[in-house]
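Subject: Structure handover and notes

Hello,

Please find the structure below. My notes on what was found in it follow.

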Amino acid sequence: MKIKKKYCGHVIIVGKANVGKSTLLNNIIGKKISIVSRKKNTTQSNITGIKTEDNYQSIYIDTPGVVFDKNNNQMKHHKNNFYQTTQIATLIIFIIDRIDWTIHDEIILNEIKKTKIPILIIINKIDKISNKIILLPFINFLKKKIDFIEILPISAKKISNLILLKNIIKSYLPENCHIYPECYVTTNSDFFTVSEIIREQLILFLGDELPSIIKVEIESFKKKEKIALYIKAIIWVKNVRQKSIVIGHNGEKIKKISMISRNNIEKKFYIKTHLVLWVKDKN
Ligand SMILES: Nc1nc2c(ncn2[C@@H]2O[C@H](COP(=O)(O)OP(=O)(O)OP(=O)(O)O)[C@@H](O)[C@H]2O)c(=O)[nH]1
């Protein structure tokens, strides 16, 4: 019997905040493993998604949107983190928002060029472009910036050109044993998954009122006799004012956030869940 060759590699997804990195990752994996929001910088740490199709395994690292220093346009705190992840990558997917090329895209491109890893540029959100002809001169403009890259216009949200994208990614995967079993879709721990579910509701409910630095810490996570999950989580905010915003009048907001988060956790883990949320300020 002929043994099929196996292919496996790490793919990094980079781009400015809000360009659609998480949307793309979730749609490639086919499951919601990274939170999507209209608000910038919702992805706070690297998220790993795994897609195994037949003899191909691609391991995706969704990086937080690159943040820039307002004074000197330098890439800010994600830089070191970014270089660590590039050590293992076989391909970099650089996402841009339509034909909206800014100085920040230029800086990111220059940084990723230094890694010498093949780069695939994705022009996302093309569903929002009615006259697609404008893409051609833009693709030519990009081609002049770097040699040997592939450029693909897609819509991560409306799932257009995603099969083509997956095939391009496969063609870059080196021959390698698979690192994860076929059923794995993420390396995130249950703790992380739960904190992301709660954070997503915080963002949805609080919108622009959301205190920018909000952290969800899982204090306890217990499974009782495989029939129920008991979770206690702390929502850390900076001060008393932010605390009252999150709690809302008569605790209305936090009650709703807690109820929907609990439902989403139950759907995710297929188990009855008891969720207690505490809002604490750091002072
Ligand atoms: N119309 C349209 N909207 C999109 C598309 N892809 C993403 N979006 C929207 O763009 C917004 C940002 O998407 P995310 O996937 O959270 O972007 P991100 O790059 O992960 O954002 P950060 O976490 O801030 O780095 C959301 O409102 C998405 O629904 C697309 O192809 N078309």
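This is a predicted model: local features need pLDDT of at least 70, side-chain atom pairs count only at pLDDT 80 or more; totals for chains, interfaces and linings use all residues.

Which residue of strand 3 does H10 stand opposite? H10 stands opposite I59.

Residues are numbered from 1 along each chain as its sequence is written.

Overall

The chain has 8 helices and 9 strands; helices (H or I, at least four residues) and strands (E, at least two) are DSSP runs, numbered from the N terminus. Of its 283 residues, 32% count as buried. Buried means that 20 or more other C-beta atoms lie within 10 Å of a residue's own; with 12 or fewer the residue is exposed, and in between it is partly exposed, the C-beta atoms being placed from the backbone. Among contacts with a separation of 6 or more, 67% come from residues 24 or more positions apart. A contact here is a pair of residues whose C-beta atoms, placed from the backbone, lie within 7 Å.

Strand 1 and its partners

Strands count as paired if DSSP finds at least two bridges between them. Strand 1 pairs with strand 3 in the parallel sense over 7 bridges. With strand 4 (residues 89–97), strand 1 (residues 7–15) also pairs in the parallel sense, over 6 bridges. In that pairing V11 has L91 as its bridge partner, and G15 has I95.

Strand 1 is largely enclosed by the rest of the structure, because 9 of its 9 residues are buried. Y7, G9, V11, I13 and G15 point one way from the strand, and C8, H10, I12 and V14 point the other way. In a regular strand the side chains alternate between the two faces of the sheet.

Strand 4 and strand 5 (residues 119–124) pair in the parallel sense over 6 bridges, and the bridge partner of I96 in strand 5 is I123.

The cores

A nonpolar core is a set of buried Ala, Val, Leu, Ile, Met, Phe, Trp, Tyr and Cys residues joined through C-beta atoms within 7 Å. The largest one has 29 residues, of which V11, I13, I92, I93, F94 and I95 touch the most other members. At least two residues each are supplied by strand 1, helix 1 (21–29), strand 3 (56–62), strand 4, helix 3, strand 5 and helix 5 (162–172). Strand 4 gives the most to this core, with 6 residues. Leaving aside neighbours within four places in sequence, I93 is in contact with V11, I12, I13, L120 and I122. A second, separate core of 16 residues includes I198, L202, A233 and L277.

Helix 1 is mostly covered, with 7 of its 9 residues buried: K21, S22, T23, L24, L25, N27 and I28. G30 follows helix 1 and has a positive phi, near 85°.

An open sheet of 3 strands has the order 7-8-9, with mixed pairing. Strand 7 (215–224) and strand 9 stand at the edges with a single partner strand each, so one side of each is left without a neighbour in the sheet. The twist averages 15° from one strand to the next. Strand 8 (residues 228–237) runs parallel to strand 9, joined by 10 bridges; A233 stands opposite L277 in strand 9.

Helix 6 lies across strand 7, strand 8 and strand 9, at about 125° to strand 7. Helix 7 packs on the sheet, touching strand 8 and strand 9, and its direction makes about 150° with that of strand 9. Axes are lines fitted to C-alpha atoms, for helices over the stretch in contact, and angles run from 0 to 180 degrees between N-to-C directions.

Helix 8

Helix 8 (residues 252–269) has 18 residues and reaches 26 Å from its first C-alpha to its last, close to the 26 Å expected at 1.5 Å a residue; the expected span is 1.5 Å times one less than the number of residues. Its buried residues are K253, I257, S261, R262, N264 and I265. What covers them includes helix 6 (190–206), helix 7 (240–247) and strand 9 (272–281). Y270 follows helix 8, with a positive phi near 55°.

Regards

Methods:
Two residues are in contact if their C-beta atoms, placed from the backbone, lie within 7 Å.
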